[in-house]
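I opened the notebook to look up how charged side chains pair up in one protein. The entries follow the order in which I checked things.

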Amino acid sequence: MTTCLSELFKASFRTFQTHRSSCQVQGMDNYQQPTPGYYGQQPNPGDNPVPQFNQLSINTQRPNPQQIDMQHRPSQVVCGPLLRYEKIDYDQRLWRGSCLIVSNDTMPPTIRAIVASADDSTPSSTLDFHGTCLDSFRNQYQFWRFQLDIPLKEYHQIVTYTASCFDKLDIFSFHLSAIQESMRWAFHSCNGFSDISQELKDKFGEKTAPMWADLLERHDTMPFHILIGGGDQLYQDRMLKEEFMNPWLEEKDPKKRLAMQCLPPMRDGLENFFFSNYVKCFGQEGSPVVARAFASIPSVNMWDDHDIIDGYGSYPADMQQAEVFQVLFANASRFYYLFQQHTTAKLAPQFGMIPGSKPSANSIVTTLGPDVAVLSLDCRGERTKYDICNPLTYDRIFKALYDLPFTVKHLVLVTGVPLIYPRLTLFEKAMEGAAGFNMAQLVGKTGALGELISGQLNKWNGDPELLDDMNDHWTAGCHEVERKKLISRLQRYARDCSVRVSFIAGDVHCCAAGKLYSKDMRLKEEGDPHLMFQIVSSAIVNIPPPQALLAILNQNSSPISFNGNTEEKMFNIFKRSPNGNKRQKNTKLMGMRNYCAAYYDPATGKMNFWIQAEVRVGVKGTMGYLLDVPKLVFGPRGGLIHHLAQTAPVLPLSPSAVRDPSANNNPLPPPPKDRPAPPPPMPPRPDSNYSPSYPPSINNANSPSRPVGGFALPSSQPSNFGGGFVRPPGY
């Protein structure tokens, strides 16, 4: 049943991509309609995939208000509802999450939810949730947190809800996957504009939010269960234009700036700014499209620098320790935990977060169903110019990873900044030398590079604007050792647990992809534990960087050796622009706004990542680029896990079934009694990877050709692939 649903979903998703994109790229020369089908299997004559697709399409329009009967006492709600996902409790078969409402209520409001099957085939149930006050903003607005514990079933469910403090017409809904299935999810980053002109903001659709509208349109057709925020969920850049920051801007002496006291007017201004900016960026009045998304799709968020200030954590230690910075960060941290995590820094570990070495640093390890886990790494809460995370933090995170249910087959690591990205050494050296250097002379010496780095000085410390961005990168010289240690530990985790590790990140305002891989396993990807894909998806709102910057990065994107047998490289995947035009020079990094949609395919064991890139600036409509990440079958454990996944309809799931052999001598369940036991796995060769002999490869000589699925890119030649976009050999 799971396999059938997977095939139907994937074919339907591809049909939807084809229909949407072909309608959006009208008048495109030599456009070839993609051949329908799934993995090269052609449909029977007369087959129409649209009815099959509609069977899975779930109506997410506002339901009839009469469906929820409760007494409403509308109050002043300035923000919310905001949904957050925490975890699935498999022991109690519960979906755990929360909802946040910011209002002037002095008594706890109540949320009433109706939980029903997606096809109305079973009776619905009604649940009431009562609010708990987390904090208060100047005794005027209260932060009401609602703990949502909802029973999961073997079928998809829709949760329709309202609150006593809402108007009776304010009704929202979100979707729950079946307990035995993994979730569909979307990733976004950079949800806001930097300090740019209003003309540019209007050009990119500040008021209409076209990329969010596109995401919601896809959600209405094929619902997402989770929305992952990779950082910069809002921008605090306009803080420097506020009157309370004038003392800092007017003081030109760096030493006096660092010694400056944060007086009451500035303290009050910072608190009011952070609260008001969250209300504007997350609230119904200031951002109605974004607010609808946050009320309809539970989020898993992690902050990055713009959730605080541009480049926070990468400034020199004396500036980070200045009183103004300390007060600023305290306010940024307070409201980040309230609005995005529905908790406080002190209470965060009680709500499923992994504490770091400081109270302000808390990472997230959770599952998105039985097959997929997510690690959202806090790279800001304890960051310095030379350390992103403390060693103690890494130890706690890896303990949580090894405690994941044994059914997890893919781990997605979310970082604000990409782990695999073109090296920035040239920029670092140029911009470190630019501080205090004659800018006109620098431009003359470095040409386009000089124009990029001399365009604007950072208003916080006077260094070149891009210098803090360079220091932010994992590939920067000051973080290279930490990066290598992290990846090496992830490689060991992949080998120990037979879990495929992938990376997804934002920040850089372009889309790209790359990978780490073993050079001697290029043709045996499913047996390579060191194969790790990097997906870069940014930005959903902010504008792309200058093309000159992307061109220089493209020139510095040659393959690099990670260690003796492991290499990292960027992919040439953007051979055509979203509008269908052929891209000649830079096919590795594309400066178009985008987001990423992802899902696990139980039929193949792959994770599928769709980078949805904007077709026309400021207009709703995207083109999809697919990257599919193969499963990992490594060692006896990996072979048995994937064999059971193919033979057992639902695997036993429990947090107590861990991967650590010392904690449980036999963490894996025995094969079902009514099925033959799998053959014993081949023993691994010493210090080498291998491809196990089972489960049988679906690409063997007796099976039909099976190209990677995806949306067909426009081409002047008929497509040879039933699904469309593929990874050609050697890319």
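**Entry 1. A first pair**

Which side chain does aspartate 220 meet in a salt bridge? I looked it up in the model, which is predicted. The partner is arginine 292, and the N to O distance is 2.8 Å. I then checked where the two sit. Aspartate 220 belongs to helix α4, residues 210-221, while arginine 292 belongs to helix α8, residues 288-296.

Next I asked about cover: does aspartate 220 count as buried or exposed? Its relative accessibility is 17%, and I noted it as buried, because the cut-off for buried is under 20%. Arginine 292 has 32% and counts as partly exposed.

**Entry 2. A pair between loops**

I looked up aspartate 371 and lysine 409, whose side chains form a salt bridge at 2.7 Å, N to O. Aspartate 371 is in the loop between β13 (362-367) and β14 (372-376). Lysine 409 is in the loop between α11 (391-402) and β15 (410-415). These parts lie 38 residues apart in sequence, so the pair ties them together. I recorded both aspartate 371 and lysine 409 as buried.

**Entry 3. A helix and a strand**

The side chains of arginine 483 and glutamate 568 also meet in a salt bridge, with 2.8 Å from N to O. I found arginine 483 in helix α16 (residues 480-497) and glutamate 568 in strand β20 (residues 566-570). The pair links distant parts of the chain, 85 residues apart. How much relative accessible area does arginine 483 have? The value is 0%, so arginine 483 is buried. Glutamate 568 is buried as well, at 4% relative accessibility.

**Entry 4. A network**

I also noted a network of salt bridges that links Asp135, Arg138, Glu271 and Arg334.

**Entry 5. The whole protein**

How many salt bridges does a search of the whole structure find? I wrote down 24. For the secondary structure I listed 18 helices and 23 strands. The protein has 731 residues, and buried residues make up 60% of them.

I then looked up contacts with a separation of 6 or more, and 74% of these are between residues 24 or more positions apart.

How values were computed: Residues are numbered from 1 along each chain as its sequence is written. This is a predicted model: local features need pLDDT of at least 70, side-chain atom pairs count only at pLDDT 80 or more; totals for chains, interfaces and linings use all residues. Side-chain values use heavy atoms; hydrogens and water are left out. Helices (H or I, at least four residues) and strands (E, at least two) are DSSP runs, numbered from the N terminus. Buried means under 20% relative accessible area, exposed over 50%, partly exposed in between (1.4 Å probe, protein chains only). Contact means heavy atoms within 4.5 Å. A salt bridge is a side-chain nitrogen of Lys or Arg within 4 Å of a carboxyl oxygen of Asp or Glu.
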